[in-house]
Amino acid sequence: MKKLKKAWCFINLLRGLPSIILYNLAANKDIIEKDIDRWISCCNLNLNFPKWLYLNWFLLYYPQFRNLFYYRLKKWNIIASKLIQIFYRPLDSLFIYADNIGPGLFIQHGFSTIINAKSIGENCWINQQVTIGYIKDKCPVIGNNVRITAGAIVVGGVNVGDNSVIGANSVVNKDVPDNCVVVGNPAFVVKRNGVKTKEYLNS
Ligand SMILES: CC(=O)SCCNC(=O)CCNC(=O)[C@H](O)C(C)(C)COP(=O)(O)OP(=O)(O)OC[C@H]1O[C@@H](n2cnc3c(N)ncnc32)[C@H](O)[C@@H]1OP(=O)(O)O
């Protein structure tokens, strides 16, 4: 059993080696490192691994991390980002097309999720079955520390303010101010700066 475990670790280390090399070469290595730090904290992992080993851990056990890693590599070298996918297959139903994504994006589960934003700030959180997409060629701009929870839809040229939360299954097609929790279809504000309220969104 111990031998099997060792063989499993060795095979996966070999499998991850090309990704570890590219991570070390990438011009945007600092952003990938911030992603890794964020995933360590969001997944409550405290394994005392070096960064490159955490990278391999996330590639192995969190298929949605692969899509984010390949998105980061694509910003540096599109060919490398394509070729590397033969070692760890990306999650089929997760699509990331944003022009710009700040460091520290955490994707929880990530299946059936399309992220088509103009830009996404730092340290955002996106759940499964989320759609961020366009209306008439205009895509959302998402601020920093925004959390978009399960099944939510954010569409059109809207702005989602810093530190705001989009509730499960909400539909957002108007601007969301900073520090708000919005829920429902159409979404309305149920909390602003931590205080309960009921406010409709303005376009
Ligand atoms: C496999 C997995 O588990 S993956 C993780 C899946 N989980 C998620 O995606 C989390 C989704 N979380 C939510 O939707 C949460 O309700 C949040 C984050 C939006 C709101 O959380 P809080 O800030 O704590 O707000 P709170 O729970 O106090 O709700 C405020 C009001 O909004 C209502 N509300 C909260 N969420 C929703 C929602 N998704 N849709 C409609 N109404 C909602 C509440 O009933 C409450 O209404 P009331 O004031 O009339 O009683």
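**Figure 1. Division of the chain into two domains.** In this predicted model, the chain is divided into domain 1, which spans residues 2-86, and domain 2, which spans residues 95-190. The C-alpha centres of domain 1 and domain 2 lie 25 Å apart. Where the two domains meet, 13 residues of domain 1 are in contact with 17 residues of domain 2.

**Figure 2. The largest nonpolar core.** This close-up shows the largest nonpolar core, a set of 55 residues, in which Ile36, Leu55, Phe58, Phe69, Ile142, Ile148 and Val182 have the most contacts inside the core. The elements that contribute two or more residues to this core are helices H1 (2-25), H2 (29-42), H3 (51-61) and H4 (63-76), together with strands E1 (94-96), E3 (106-107), E6 (125-126) and E14 (180-183). Helix H4 provides the largest share of this core, with 6 residues. Because domain 1 (2-86) and domain 2 (95-190) both give residues to the core, it lies between them.

**Figure 3. Surroundings of Val182.** Val182 is among the residues with the most contacts inside the largest nonpolar core. When neighbours within four places in sequence are left aside, Val182 is in contact with Val165, Ile166, Gly167, Ser170, Val172 and Val176, and also with Ala187, Phe188, Val189 and Leu201.

**Figure 4. Helix H3 and the elements that cover its buried residues.** The buried residues of helix H3 are Tyr54, Leu55, Asn56, Phe58, Leu59 and Leu60. Helices H1, H2 and H4 are included in what covers these buried residues of H3.

**Figure 5. The largest pocket.** The largest pocket holds about 330 Å³ of space, and of the 14 residues that line this pocket, Asn67, Lys82, Gln85, Leu94 and Ile96 are the closest to its centre. Helix H4, helix H5 (78-83) and strand E1 each supply at least two residues of the lining, and the largest share, 4 residues, comes from H4. Sorted by class, the lining of the largest pocket has 8 nonpolar, 3 polar and 3 charged residues. Domain 1 (2-86) and domain 2 (95-190) are both represented, with at least three lining residues drawn from each.

**Figure 6. The second largest pocket.** About 210 Å³ of space lies in the second largest pocket, which is lined by Trp8, Cys9, Asn12, Leu13, Phe49, Leu53, Asn56, Trp57, Leu60 and Tyr61. Helices H1 and H3 are the elements that give two or more residues to this lining, and H3 provides the largest share, with 5 residues. The lining of the second largest pocket divides into 8 nonpolar and 2 polar residues, with no charged residue.

**Figure 7. Gly104 in a buried loop position.** Gly104 is found in the loop between strand E2 (100-101) and strand E3, and Gly104 is buried because its relative accessible area, 0%, falls under the 20% cut-off. Not counting residues up to four places away in sequence, Gly104 touches Lys34, Asp35, Arg38, Arg72, Asn123 and Cys124. Although Gly104 and Trp125 are 21 residues apart along the chain, their C-alpha atoms are separated by 8.5 Å.

Figure 8. The peptide bond that runs from Asn185 to Pro186 is cis, with an omega angle near -5°. Pro186 itself is found in the loop between strand E14 and strand E15 (188-192).

Figure 9. Ser112, a residue other than glycine, has a positive phi, near 50°, and is found in the loop between strand E3 and strand E4 (113-115). With a relative accessibility of 42%, Ser112 counts as partly exposed. Lys136, likewise a residue other than glycine, has a positive phi near 45°, and its place is in the loop between strand E7 (131-133) and strand E8 (141-142). Lys136 counts as exposed, because its relative accessibility of 77% is over the 50% cut-off.

Technical notes: Residues numbered from 1 in each chain as written. Predicted model: local features only at pLDDT ≥ 70, side-chain atom pairs only at ≥ 80, totals over all residues. Heavy atoms only, no water. Core = buried A, V, L, I, M, F, W, Y, C linked by side-chain atoms within 4.5 Å. Buried < 20%, exposed > 50% of the residue type's maximum accessible area, 1.4 Å probe, protein only. Domains from an automatic or database assignment. Contact = heavy atoms within 4.5 Å. 1 Å grid on protein atoms, 1.4 Å probe; cavity = no way out; pocket = protein on both sides within 12 Å on 5 of 7 lines; lining within 4 Å. Points joined across faces, edges and corners; volume = space filled by probe spheres on them. Nonpolar A, V, L, I, M, F, W, Y, C, P; charged D, E, K, R; others polar.
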